[in-house]
Amino acid sequence: MKNTIMRNAGRVMVFFIICLIGVGRIAFAQGFISLQGENDGEKVLLKWQADNRSSVYQIQKSLSKEGNFTVMATLSGQKGEIVIYDYDVKKGNSYYYKVALVEKGRVSSESSVVEVKLTLKAPDNIKIKSIKDTKVKLTWKKTKDATGYEIYRSKTPDHKFKKIGTSEKSSYTDDTVKKGKVYYYRVIAIDHKREELTSTYGETVTVCIVPGTPKVNGDYSKKKIKITWKKVSGAQMYTIYRKKSNGKFKKIGETNKLFFLDKDVKKGKYYEYQVIAFYKKEDQIIRSDASASCKVFASDVDPNKKMVALTFDDGPGKYTQEIVDCLKANNARATFFVLGCNVDSYKSSMQAADKIGCEIASHTYNHRNLVRLSETEIVEEVEKTDRKIEKAIGKMPNLVRTPGGSVNDTVKEVIGKPIILWSIDTLDWKTRNRDKTVKAVMDHVKDGDIVLMHDIHEPSKEAALILIPRLQREGYQLVTVSELAKYRNHTLKKGEVYHSLRH
Ligand code: NI
C-alpha cells in the first residue's frame with residue numbers, strides 16, 4: 001500500500017511539472033524562452049525555441065528548486081529549436097533547469113524553472129498483438145531497468161483507468177473482455193528493486209473486440225435480391241459481398257441497416273452472398289468472420305401465370321441427367337425426391353440439377369414403408385438421406401415424400417418436415433409407357449398441381465422430355481415444390497401433408 005502511494009505521488013509530480021511548463025509559457029509569452037524538460041529513462045532532454053538573433057544561451061542546473069544553479073553549458077549561434085541532453089543524472093532524482101539569455105556578457109532574462117524527475121521510461125510502442133474472440137493481447141517495447149509492468153484499463157473514453165493486472169514480460173493478455181466493447185489500455189513500467197521508480201503511463205491504446213458473425217438470409221422478389229440478417233453485438237456496419245464467376249467474393253455494398261438490396265441481378269441465375277460485420281473507431285476497423293454463404297436463386301416465376309411442379313421419385317438414376325438437361329434447355333425446374341442410397345452414384349446429376357435451381361428433396365434412404373418402422377428407424381431413414389444430400393449439394397432438403405405416400409401420425413411427427421405427396425399420379429411406374437404418362441398429365445393438369453413421375457424408368461424420362469416443353473407451350477411455368485408453395489402463398493408446415501398447392 002505504501003509503495004502504491006509513493007508511486008502515485010511520483011505521477012502527481014510529473015503532472016505538476018507539466019503544469020509548471022504551461023505557466024512558464026504564459027509568463028514569457030512575448031517570444032521569450034519557453035523551456036521544456038523531459039525524462040526519457042536514461043537522460044534529461046531539454047528543448048526550447050531560439051530567437052532569430054544569434055543569441056547566447058546559458059543552461060543552468062540545480063539539485064533543488066531554490067538551490068544553487070550552476071552553468072551546465074553555454075550555446076551560441078543556434079537557430080530554430082534547440083535540444084540538449086543531460087546525461088549526468090541518476091534514476092530516482094529530480095533536477096531543476098532554467099535557460100538564461102546572455103546579452104553583452106550579462107544575463108538579460110531567464111526561463112522559468114523546470115523540474116524533471118528521472119524515472120523509468122514510459123512503455124511505448126504499445127500494440128494490440130492479437131484479438132481473438134474475447135481475448136486481447138497487448139505488447140509493448142521493453143523499458144530499460146523495468147522489472148515489471150502494471151496494466152490499466154478504461155471502458156470509457158474519459159480514461160477512468162483501473163489497474164487490471166501486472167506482467168513481468170512486455171506483454172499482457174486480457175481475457176476479461178466482452179464481445180463488441182471498446183477498451184482503453186495503458187501500461188506503467190516499474191523497477192521493483194527501487195519501488196519508488198515507476199514510469200508515467202505509456203501511450204493509450206483503444207481496442208474493440210470482434211463483432212459477432214451475422215447469419216444471412218436472402219430472397220428474390222421484383223427483380224431484386226434482398227439480403228437480410230439480424231443485428232450482431234459489437235457491429236456498427238456491415239459489408240456485403242457477392243460471389244463472382246471466378247469464385248471470389250467481391251464487395252458490393254456497405255450499410256448500417258440490417259438488409260441490403262441487390263438490384264444488379266438477372267433472372268434464372270444463382271447468386272451467393274456473404275456479410276461481414278465490422279466495428280470502426282478512428283482508423284481502426286475490426287471485422288467479424290464472414291457469414292456462411294447465402295445462396296439465392298433469382299427465380300423467373302410470374303405469380304400471375306399458371307404453374308405446376310413436376311416431381312421425380314426413386315432416383316437419382318441413369319436417366320436423371322437427361323431430364324436435368326431438358327429442364328435447363330427450357331429454363332424450367334423440377335423437384336427430385338431422391339433416395340439416399342442412390343445419391344452417391346449420381347452426385348453430378350444432383351449438382352447439375354441444383355445448379356439450375358431444381359429442388360433436391362428426400363424420399364428416405366431405402367424406400368421402406370415408414371408406417372411399419374419404429375421411430376428410431378424412421379429417424380435413421382430421414383437423417384441418413386439428409387446427410388447424403390447435404391454432402392452432394394451443400395444443403396439439407398426441406399421436404400420429404402414418404403415412400404408409397406404412406407403416412408400416419410407417428411410418421412408425420414417424427415419426420416419433422418413438410419410431407420409432399422401429389423395431385424396427379426401418372427402411374428408411370430405401372431404403365432411404363434411414354435404416351436400414357438404424357439396423357440395422364442395433359443388430361444388433368446391445372447394450376448398448382450404436383451405431378452408424380454419416376455426418373456428411373458426410360459419411358460418416364462421420354463415422357464418428361466415431351467412434357468417439359470409442352471406444358472410450357474400451354475402456359476405453365478415449371479417450378480419446384482417450394483416455389484409453388486411460395487407463389488401460391490402456402491407456408492409449408494412441419495409434419496403436414498400436401499397434395500397440391502393451389503391458390
Ligand atoms: Ni417411391
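This is a predicted model: local features need pLDDT of at least 70, side-chain atom pairs count only at pLDDT 80 or more; totals for chains, interfaces and linings use all residues.
Leaving aside neighbours within four places in sequence, which residues is Ile360 in contact with?

**View 1. Three side chains hold the nickel ion.**
The protein donors here are Asp314 (OD), His363 (NE2) and His367 (NE2), and they lie 2.1 to 2.2 Å from the nickel ion. Along the chain, these donors follow the spacing D-x48-H-x3-H. Asp314 belongs to the loop between β24 (307–313) and α2 (320–329), while His367 belongs to the loop between β26 (359–362) and α5 (375–393), so this pair ties together parts that are 53 residues apart in sequence. Is Asp314 buried or exposed? With 15% relative accessibility, Asp314 counts as buried. His367, at 33%, counts as partly exposed.

**View 2. Ile360 sits among its core partners.**
Back to the opening question: once neighbours within four places in sequence are set aside, Ile360 is in contact with Phe336, Val338, Met350, Ala353, Ile389, Ile393 and Pro397. Ile360 is also one of the residues that touch the most other members of the largest nonpolar core, which has 33 residues. Others on that list include Leu310, Phe312 and Leu471. Several elements each supply at least two residues of this core, among them β24, α2, β25 (335–338) and α5. The largest share, five residues, comes from α9. As a general rule, nonpolar side chains in soluble globular proteins tend to be buried together.

**View 3. Ser55 is tucked into a loop.**
Look for Ser55 in the loop between β2 (44–49) and β3 (56–62). At 6% relative accessibility, Ser55 counts as buried. Beyond its neighbours within four places in sequence, Ser55 is in contact with Leu75, Ser76, Gly77 and Leu101.

How many bridges join β18 to β19? There are six, and the two strands run antiparallel. Thr239 stands opposite Glu254 in β19. The hairpin has five residues between its strands, and Gly247 in the turn has a positive phi of about 90 degrees. Five of the seven residues of β18 (residues 237–243) are buried, so this strand is largely enclosed by the rest of the structure.

**View 4. Aromatic rings pair up.**
The count comes to eight aromatic pairs. One of them is Trp140 with Tyr149, an edge-to-face pair at 5.1 Å centre to centre, with 70 degrees between the planes. Trp140 and Tyr149 are both buried. Phe161 and Tyr201 make a tilted pair instead, at 6.0 Å centre to centre and 35 degrees between the planes. Phe161 is in the loop between β11 (148–154) and β12 (162–167), and Tyr201 is in the loop between β14 (182–190) and β15 (205–208), so the pair ties together parts that are 40 residues apart in sequence. Phe161 counts as buried at 15% relative accessibility, whereas Tyr201 counts as partly exposed at 23%.

**View 5. Two lysines sit over tyrosine rings.**
The charged end of Lys295 sits over the ring of Tyr270, 5.1 Å from the ring's centre. Lys306 does likewise with Tyr476: its charged end sits over that ring, 4.3 Å from the centre.

How values were computed
Residues are numbered from 1 along each chain as its sequence is written. Side-chain values use heavy atoms; hydrogens and water are left out. Donors are N, O and S atoms within 2.8 Å of the metal (3.2 Å for Na, K and Ca); water is not among the atoms, so sites may look incomplete. Helices (H or I, at least four residues) and strands (E, at least two) are DSSP runs, numbered from the N terminus. Buried means under 20% relative accessible area, exposed over 50%, partly exposed in between (1.4 Å probe, protein chains only). A nonpolar core is a set of buried Ala, Val, Leu, Ile, Met, Phe, Trp, Tyr and Cys residues joined through side-chain atoms within 4.5 Å. Contact means heavy atoms within 4.5 Å. Two strands pair if DSSP finds at least two bridges between them. Rings of Phe, Tyr and Trp (its six-membered ring) pair if their centres lie within 6.5 Å; planes under 30 degrees apart count as stacked, over 60 as edge-to-face and the rest as tilted. A charge sits over a ring if NZ of Lys or CZ of Arg is within 6 Å of the ring centre and within 35 degrees of the ring normal.
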